[in-house]
Amino acid sequence: MAGENDVLEGGKVESVVEAEGVGERKYITGWRLHVLTFGIALSLFLSTLETTIVSTSLISITNALNGFDQGSWVVTSYMLTYTGFLIIYAKFSDIFGRKPMVLVALLIFTVLSIVCGASQNMLQLHVHVSHIFVDKADRSSIVFRAFQGLGGSGIYAMSMVITPDMIPPEKFGLYMGIISSVFALSSVLGPVLGGVINDRTTWRWVFLLNAPAGSGALALVALILPSNFPHPKLPKRRGFGKVFSKSAFRRLDWRGTGLSLAASVLLVYALQQAGTDFNWNSAKVITTLAISVICWIGFVLWERVIEKHAGGIQEPIFPWRVAKNRAAAGVFLSAFFTGFPFLGAIINLPQRFQIVNGTSATGAGIRLFPMVLTAPLASWFSAVLISVVKIPAFYVLVTACSLQVVGLSLMGTLPTDTMAVSNAQYGYEVIMGMGFGLAITTAIIMVRIVVDAKDQAVVMGAITQIRVLGGTVGLAISATLLSNRVKTRLPEFLNPQELAGLLRSSQALKTFDPEIRDRVRLVYAEAYNQQMILLTGFAAASLLSLGLSFEKKARNLDMAKL
């Protein structure tokens, strides 16, 4: 059995855990726990905020770029890397340590946020990279957003990994309720804050606000989080060479990492391009989807091989024993399908309010308030139900998915023949918010109940990546549905010049005759309703997926293998 000296020479962290026992961990307490919790919560708030804050600024950003029909790329470019690196960060933290990985993520996110907002408008961003982007400034903005997503991904993953290690098992449910509430709040508050920024100042502050807050979070985590966290038997101080040693790098599953990343990015890219720049049956879309499928299959097969035959030298990104866990598989599938309506509703509803109902960016954000208030409260309440009332997580998750189906189906019935906002929609938002909030915390708690302690970190990264991947795919499919609908219907009463102007900028609506303007809004309203109906189907799939996790005697948090 490996000892402490093996760790000093770059051996496995897990060997210390096995030798000393997980139960001998020294948890963070007192004021340090409160300050560190605040720092992690602030980091997660900023990271998640960037996924949705652009939704109410999207109209202004795309108008400045003259690319209204490509507006979803402002979101998707961030989500590509945000999705692909979640499980990678989680696994790498097992090898290099929790603190180094969270500091790297915070540094990347903060610096790239400053770069994204450094110029007066997105068209000038090419100045900061190279003159080769002069004719492709919109693509350079996508590059910056992608690197920003790389940092945001690490923050999200490490928040999920670090929080359970900070506190004893009996407090796990409540603290994950707090963290999940922050995630839910920042996700749904993003459109509100984005609208205020858009109406009161320049939209570049959507990115620049991360500079002071991110720097503060970086300082708090650097000062409070111990370097040997969460294993006190490790040396308190380890140099750069000890943390990133050759033996540590030999443990990395490079093939699995590459296959996982390629599969995620290519899948989202293909879905984003289909129906917008290319037809679904185009060679580019089909080829990209095919390569993504091949990468997914290769990833699964490689993880199985490496766990059986690597002899413990390389550690799989995703352990095969977790993949064989039926209860965990049900939660993963449910989280994946929940991601579709969660991100789709948050991003698309503010756009509907602005285009169909003619509200301002701030007004669009305010109209999301019922969801803004309900989702984080429901996240916290789910932790209380599971940790205090001792209701099995399975039943809470079933309730959450059922509420999503009801709320989304009702949102698909919103009136399309009027600019007035239906009062009924606020009730529908409350139902959706309850479903989303309950599901976020419960899925995290439940998956930890059904897997072994040694897999907790990678499982936290996996459940997060799967849900975000689902949201990104859902957003791409929703954008495709909207694009196909409007490009099919609008040519019936718009000439090519008018249609091209509208697709470049929604401001073109103001130049149309009132009758034409109403017909355009009707087309968009019907398309947004179709989006909600589509997302209802995915919510139903999330509910049905839980059949895999059904047990005659559902486990509660006291039965967790923590």
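I worked from a predicted model, in which local features need pLDDT of at least 70 and side-chain atom pairs count only at pLDDT 80 or more, while totals for chains, interfaces and linings use all residues. Residues are numbered from 1 along each chain as its sequence is written, and side-chain values use heavy atoms, with hydrogens and water left out.

**Helix α17**

I looked up α17 and found 30 residues, 326-355; helices here are DSSP runs of H or I, at least four residues, numbered from the N terminus. From first C-alpha to last, α17 reaches 44 Å, close to the 44 Å expected at 1.5 Å a residue (1.5 Å times one less than the number of residues). I noted that 27 of the 30 residues of α17 are buried, meaning under 20% relative accessible area with a 1.4 Å probe, protein chains only.

**T338**

I found T338 in α17, buried at a relative accessible area of 6%. A polar atom of the T338 side chain lies 2.9 Å from the backbone oxygen of S334. Leaving out residues up to four places away in sequence, T338 touches C401, Q404, A439 and S542 (contact is heavy atoms within 4.5 Å).

**Second largest pocket**

Which residues lie nearest the centre of the second largest pocket? I listed W296, F299, F318, F332 and I466, out of 19 lining residues. Elements giving two or more residues to that lining include α17 and α22 (456-489). A pocket is an open set of points on a 1 Å grid over the protein atoms alone, where a 1.4 Å probe fits, with protein on both sides within 12 Å along at least five of seven lines; lining residues have an atom within 4 Å of a point.

How values were computed:
Buried means under 20% relative accessible area, exposed over 50%, partly exposed in between (1.4 Å probe, protein chains only). A polar contact is a pair of N or O atoms within 3.5 Å; within protein, one must be able to donate a hydrogen and the other to accept it, and residues adjacent in sequence count only if both atoms are side-chain atoms.
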